[in-house]
Amino acid sequence: LRLVGSEMCIRDRVVHWAKTGLRQFSMRDAVNDYMKEVGANQAMTDESIIDRRRICAQQLTIKSIAFLSKDELQRVEQELKRIAEDDAPKQHRGWHR
């Protein structure tokens, strides 16, 4: 049940941002926290992490469809894709000191 509530909270933040343009950083932080919570950041390669984050972004976009106009939905889709790609954690390889 906690995950469902979390998904609704994220969706509400995404919808609010799409409609008002306000609280972009709050929405971005919430989306990144959600992606981490659902395991989207856990993969063997940077490419796999980005792929998993893109899938998560698509799921959030789908959950927002009923609440947004076509233009707002397109804006959400672009922003979530940007978050998935630009904010993805990088894998560290090699020797560490």
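**Cysteines, helices and charged pairs**

Modeller: Let's start with C9, which counts as partly exposed because its relative accessibility is 37%. Buried means under 20% relative accessible area, exposed means over 50%, and partly exposed lies in between (1.4 Å probe, protein chains only).

Biologist: And C56, buried or exposed?
Modeller: C56 is buried, since its relative accessible area is 3%.

Biologist: How many disulfides are there?
Modeller: The count is 0 disulfides. A disulfide here is a pair of cysteine sulfur atoms within 2.5 Å.

Biologist: Where do these values come from?
Modeller: This is a predicted model, where local features need pLDDT of at least 70, side-chain atom pairs count only at pLDDT 80 or more, and totals for chains, interfaces and linings use all residues. Residues are numbered from 1 along each chain as its sequence is written, and side-chain values use heavy atoms, with hydrogens and water left out.

Biologist: OK, the overall picture. How many helices and strands?
Modeller: The protein chain has 4 helices and 0 strands. Along the sequence the pattern reads α-α-α-α. Both kinds of element are DSSP runs, numbered from the N terminus: helices are H or I with at least four residues, strands are E with at least two.

Biologist: How much of the chain is buried?
Modeller: Of its 97 residues, 36% count as buried. The accessible surface of the chain is about 6700 Å², and 52% of that belongs to carbon and sulfur atoms. Areas come from the Shrake-Rupley method with a 1.4 Å probe; for residues, only the protein chains shown count as cover.

Biologist: Let's zoom in on α2. What span should it have?
Modeller: Helix α2 covers residues 24–37, which is 14 residues, so at 1.5 Å a residue it should span 20 Å. Its end C-alpha atoms are 20 Å apart, which agrees. The expected span is 1.5 Å times one less than the number of residues.

Biologist: Which residues in α2 are buried?
Modeller: M27, R28, A30, V31, N32, Y34 and M35.

Biologist: And what comes just after α2?
Modeller: G39 sits there, with a positive phi of about 90 degrees.

Biologist: Where is E79?
Modeller: E79 is in helix α4, residues 70–86. It is buried because its relative accessible area is 4%.

Biologist: What does E79 contact?
Modeller: Setting aside neighbours within four places in sequence, E79 contacts W17, Q24, M27 and R28. E79 and R28 are 51 residues apart in sequence, yet 8.9 Å apart in space, C-alpha to C-alpha. The side chains of E79 and Q24 also make a polar contact, at 3.1 Å. A polar contact is a pair of N or O atoms within 3.5 Å; within protein, one must be able to donate a hydrogen and the other to accept it, and residues adjacent in sequence count only if both atoms are side-chain atoms.

Biologist: Switching to T61. Buried or exposed?
Modeller: T61 is buried, as its relative accessible area is 10%. This residue lies in helix α3, residues 46–64. Leaving out neighbours within four places in sequence, T61 contacts L73, V76, E77 and L80.

Biologist: Now salt bridges. How many in the whole structure?
Modeller: The search finds 7 salt bridges. Each is a side-chain nitrogen of Lys or Arg within 4 Å of a carboxyl oxygen of Asp or Glu.

Biologist: Which residue pairs with D87?
Modeller: D87 bridges to R28, with the closest N and O atoms 2.8 Å apart. That pair links distant parts of the chain: D87 is in the segment after α4, R28 is in helix α2, and they are 59 residues apart. D87 counts as partly exposed because its relative accessibility is 28%. R28 is at 15%, so R28 counts as buried.

Biologist: What about R54 and D51?
Modeller: They form a salt bridge too, the closest N and O atoms being 3.4 Å apart. R54 and D51 are 3 residues apart in helix α3, so about one helical turn separates them.

Notes. Contact = heavy atoms within 4.5 Å.
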